[in-house]
Amino acid sequence: MDHIKLKSKEEIEKSFFHIPFWIAPDKNLFLSRSERFTKLAKLDKSDWKLYLQLLAGLSRVQHGLLADADAVVPQLKRNETASMLNVHSTPIPSCFTPLLQALYERIKRELSDHMEQTWQRLLAMPVPEQEALAWRLLQHETNATDQEYSIWVHAVLQVIWTYWAMQLQETDVPSRDERVQCPCCGSDAVASIILKSGEQENLRYLHCNLCNSRWNALRAKCTFCGNTKDMTLQSVEGVTEGALHGASGETCDVCQGYRKMFSLSKEQHADPVADDLGSLALDMMLGEKGYSRGGANPFLMMEKEVPH
């Protein structure tokens, strides 16, 4: 007669109350981001809405490129884990240039004359120069002339790394104590997001600015210096809708840095990349108070980051 092995209390709790350390990106992430950019653009009363509209179109194109990625981007091998995606050791793949060309073909109708000129210079570069540019952007070793190409190059790199991250399982990205950089690809988090449903309700997850994966991080703990004291949440008061409604800055009085946090219980469709760009008034307020921004958004030019 076979013996029945009963699960321990710890095993039962783990099976029912599992909190994932790492969450893979959703296949419709760029489509949802496009919709969010569109909504934020409608709420914006300044000329900034034109840029948000452009990014809505760009995100929509990214969604299409991701959907077609099987035919262009190399698949991860079975034995490849998250360490194989590290931006500091992974070469720019050969699919980068074809995807760059595909991005241009799908976005060109939305480009201004100035953007079209920028694109023509980018497309005229020899492939090695294009790949070298992409590498510099990933390593944050850019020069002044690189910046005009930044959002287009980053858009393609996001598609590639997001496609790779989607192929990983949670067990491929082991938990670790150091949670400042993305455990999947080593990039910076653009912001954190507070979830509102299921087992992860009210938990904080940092959101990667490159592969769009998320990883768990304790709340009320500075994501730069690790300080757990003198942490404060600050927000713009009197806002009832849009990015600022769900946005707050978690400020640290030790390193004087802050990273934005977005609450899905207040804005259920908040996207860390889009809502970051829709809540710049919060950056201005915290900057005036002497805090330095942390959290790199590839679509926010000339930003200041907290030194690590």
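Colleague: At what angle do α4 and α5 pack?
Modeller: This is a predicted model, and the angle is computed from its atoms. The axes of α4 and α5 are 11 Å apart. The two helices pack at an angle of about 160 degrees.

Colleague: Are α4 and α5 roughly parallel or roughly antiparallel to each other?
Modeller: Angles over 145 degrees count as roughly antiparallel. The angle between α4 and α5 is about 160 degrees. The two helices are therefore roughly antiparallel.

Colleague: Which residues of α5 make the contact with α4, and is the crossing left-handed or right-handed?
Modeller: The crossing of α4 and α5 is left-handed. On the α4 side, the contact is made by Leu 100, Gln 101, Leu 103, Tyr 104 and Ile 107. On the α5 side, the residues are Glu 116, Trp 119, Gln 120, Leu 122 and Leu 123.

Colleague: How many salt bridges are there?
Modeller: Side chains of opposite charge can pair when their charged atoms come close. The cut-off used here is a side-chain nitrogen of Lys or Arg within 4 Å of a carboxyl oxygen of Asp or Glu. By this rule, the number of salt bridges is 14.

Colleague: How many residues apart in sequence are the parts that Arg 33 and Asp 271 tie together?
Modeller: Arg 33 and Asp 271 form a salt bridge, with their closest N and O atoms 2.9 Å apart. Arg 33 lies in helix α2, and Asp 271 is in the loop between β7 and α9, so the pair ties together parts of the chain whose separation in sequence is 238 residues.

Colleague: Are Arg 60 and Glu 110 buried, partly exposed or exposed?
Modeller: The side chains of Arg 60 and Glu 110 meet in a salt bridge, 3.3 Å from N to O. Arg 60 lies in helix α3 and Glu 110 in the loop between α4 and α5, so the pair ties together parts that are 50 residues apart in sequence. Relative accessibility is 42% for Arg 60 and 34% for Glu 110.

Colleague: Which strands hold Glu 250 and Arg 204?
Modeller: The side chains of Glu 250 and Arg 204 meet in a salt bridge, 2.4 Å from N to O. The pair links distant parts of the chain, 46 residues apart. Glu 250 is in strand β6, and Arg 204 is in strand β3.

Colleague: What is the relative accessibility of Arg 204?
Modeller: Buried means under 20% relative accessible area. Glu 250 is buried, with a relative accessible area of 7%. Arg 204 also counts as buried, and its relative accessibility is 2%.

Colleague: Which residues are linked in a network of salt bridges?
Modeller: A network is made of linked salt bridges, and one such network includes Lys 260. Its members are Lys 260, Asp 276, Asp 283 and Arg 293.

Colleague: Which residues does Ser 248 contact, leaving aside its neighbours within four places in sequence?
Modeller: Ser 248 is placed in strand β6. This serine is buried, with a relative accessible area of 12%. Its contacts, with those neighbours left aside, are Leu 233, Gln 234, Ser 235, Arg 259, Lys 260, Met 261 and Leu 282.

Colleague: What is the phi of Asn 212?
Modeller: Asn 212 is found in the loop between β3 and β4. This asparagine is buried, with a relative accessible area of 2%. Its phi is positive in a residue other than glycine, and the value is near 65 degrees.

Colleague: Is Asp 230 buried or exposed?
Modeller: Asp 230 is found in the loop between β4 and β5. Its phi is positive, about 60 degrees, although it is not a glycine. With a relative accessible area of 52%, Asp 230 is exposed.

Colleague: What distance separates the C-alpha atoms of Arg 136 and Asp 146?
Modeller: Arg 136 lies in helix α6 and touches Asp 146, among other residues. Arg 136 and Asp 146 are 10 residues apart along the chain. The distance between their C-alpha atoms is 8.6 Å.

Technical notes. Residues numbered from 1 in each chain as written. Predicted model: local features only at pLDDT ≥ 70, side-chain atom pairs only at ≥ 80, totals over all residues. Heavy atoms only, no water. Helix = DSSP H or I, 4+ residues; strand = E, 2+ residues; numbered from the N terminus. Buried < 20%, exposed > 50% of the residue type's maximum accessible area, 1.4 Å probe, protein only. Axes fitted to C-alpha atoms, helices over the stretch in contact; angles between N-to-C directions. Parallel < 35°, antiparallel > 145°, perpendicular 65-115°, else oblique. Left-handed = near helix turned anticlockwise from the far one by under 90°. Contact = heavy atoms within 4.5 Å.
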